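The following note sets out several points on the model shown here.

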Amino acid sequence: MEQQEIKVGFVQTKSVMTKSNTPLGGYSVNTYVGCPHACRYCYASFMKRFTGHTEDWGTFMDVKEWPAITNPGKYAGQKIVVGTVTDGYNPLEAQYGKTRLLLEQLKDSGADILICTKSDLVLRDLDLLREMNRKNRLTVSWSVNTLDEEFKNDMDAAVSIERRLAAMKEVYDAGIRTVCFISPVFPGLTDIEAIFEKARNQCDLIWLENLNLRGGFKAGIMAYIAEKHPDLLPLYEEIYNRRNRSYFEELEKKAEQMAKANQCRFVDNETPYERVPQGHPTIVDYFYHEEVRGTGNSGVRNRKTAE
Ligand code: SF4
């Protein structure tokens with residue numbers, strides 16, 4: 001996918017820190033509105049509704065301005081996720097530096113900070129991340145749902161998978177906890193074992209999340225599958241039109257077996273904070289993660305019975 005020309009605006013906010021409504025609690029922090037990576041499956045595109053944007057997702061971006069965080073210590077021990085509805089390391093960050101500014105403001109907070117990205121621009125801030133890692137629990141996560149650059153290019157305008165994996169290695173080698181976020185898992189296309197093998201020596205956690213097609217992008221993804229992978233269309237119709245969960249249930253079993261065969265911990269919907277022996281990342285089954293709601297982050301999913 002070609003990077004589109006981005007219409008840039010500026011927006012003043014009262015605070016950059018937003019209380020999260022996810023089961024994990026804490027704060028979601030987004031230094032921009034909109035995301036130039038323009039992923040075709042982006043659930044965050046719903047943001048358009050709340051921000052008055054009518055342009056196509058991925059073609060606009062507002063740079064946030066916020067009053068400096070003067071008392072970072074109030075976030076000590078809290079979870080802060082950076083980049084839930086934008087990628088704070090999108091290409092325009094090189095120019096505007098808002099994510100670096102945020103991290104500088106939080107560097108003495110003592111918070112549990114998770115940065116989510118599909119970029120290697122994060123390497124620009126490795127000095128700062130090293131410093132932060134001494135006082136905070138810091139984790140950096142890269143989304144990698146394929147090793148096929150052509151499929152990746154069909155889906156997003158972010159940097160190549162090769163660059164993401166190289167960045168993950170560099171951050172991991174710097175002593176910072178890393179995550180390989182296998183998300184979204186596309187049925188019949190995402191090879192979790194191949195990705196595991198590529199990433200296992202440079203991450204502490206592997207998260208698995210299924211492709212969820214409840215958003216307005218369902219039609220686009222189904223049309224893409226019909227055009228590029230027509231052999232998979234019956235499977236997609238079964239999963240996404242008839243809500244048959246057997247594909248993902250089988251995949252969960254396969255992931256559990258893969259974990260066992262490689263002496264990796266396998267956990268259900270929890271994200272233990274630990275560094276693990278190299279080559280044995282903890283595998284987190286985050287399929288149908290919306291069902292974790294109400295469990296108090298016990299790590300046990302409220303499994304639905306068949307619909
Ligand atoms: S990187 Fe994340 S926020 Fe940005 S378009 Fe892709 S899925 Fe959406």
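1. Strand β8 (residues 137-143) and strand β9 (residues 177-185) pair in the parallel sense over 5 bridges; strands pair if DSSP finds at least two bridges between them. Thr139 stands opposite Arg177 in β9. Helices (H or I, at least four residues) and strands (E, at least two) are DSSP runs, numbered from the N terminus.

2. On provenance, this is a predicted model, in which local features need pLDDT of at least 70 and side-chain atom pairs count only at pLDDT 80 or more, while totals for chains, interfaces and linings use all residues. Residues are numbered from 1 along each chain as its sequence is written.

3. The open sheet has 9 strands in the order β2-β3-β6-β7-β8-β9-β10-β12-β11, with mixed pairing.

4. The peptide bond from Ser183 to Pro184 is cis, with omega near -10°.

5. The axes of helix α8 (residues 218-228) and helix α9 (residues 233-240) come within 9 Å and cross at roughly 155°. Axes are lines fitted to C-alpha atoms, for helices over the stretch in contact, and angles run from 0 to 180 degrees between N-to-C directions. The crossing angle therefore makes α8 roughly antiparallel to α9, a term for angles over 145 degrees. α8 passes α9 in a left-handed crossing, that is, with the near helix turned anticlockwise from the far one by less than a right angle.

6. In this helix pair, Lys218, Met222, Ile225 and Ala226 of α8 meet Leu233, Tyr236 and Tyr240 of α9. By class, the contact has 6 nonpolar, no polar and 1 charged residues. Here Ala, Val, Leu, Ile, Met, Phe, Trp, Tyr, Cys and Pro count as nonpolar, Asp, Glu, Lys and Arg as charged, and the others, Gly among them, as polar.

7. Around the ligand are Cys35, His37, Ala38, Cys39, Cys42, Ala44, Val85, Thr86, Asp87, Lys118 and Asp156, each with its C-beta atom, placed from the backbone, within 6 Å of the molecule. This shell has 6 nonpolar, 2 polar and 3 charged residues.

8. Ala38, one of the residues surrounding the ligand, is found in the loop between β4 (32-33) and α1 (47-51). Ala38 has a positive phi of about 50° although it is not a glycine.

Note on methods:
Parallel < 35°, antiparallel > 145°, perpendicular 65-115°, else oblique. Contact = placed C-beta atoms within 7 Å.
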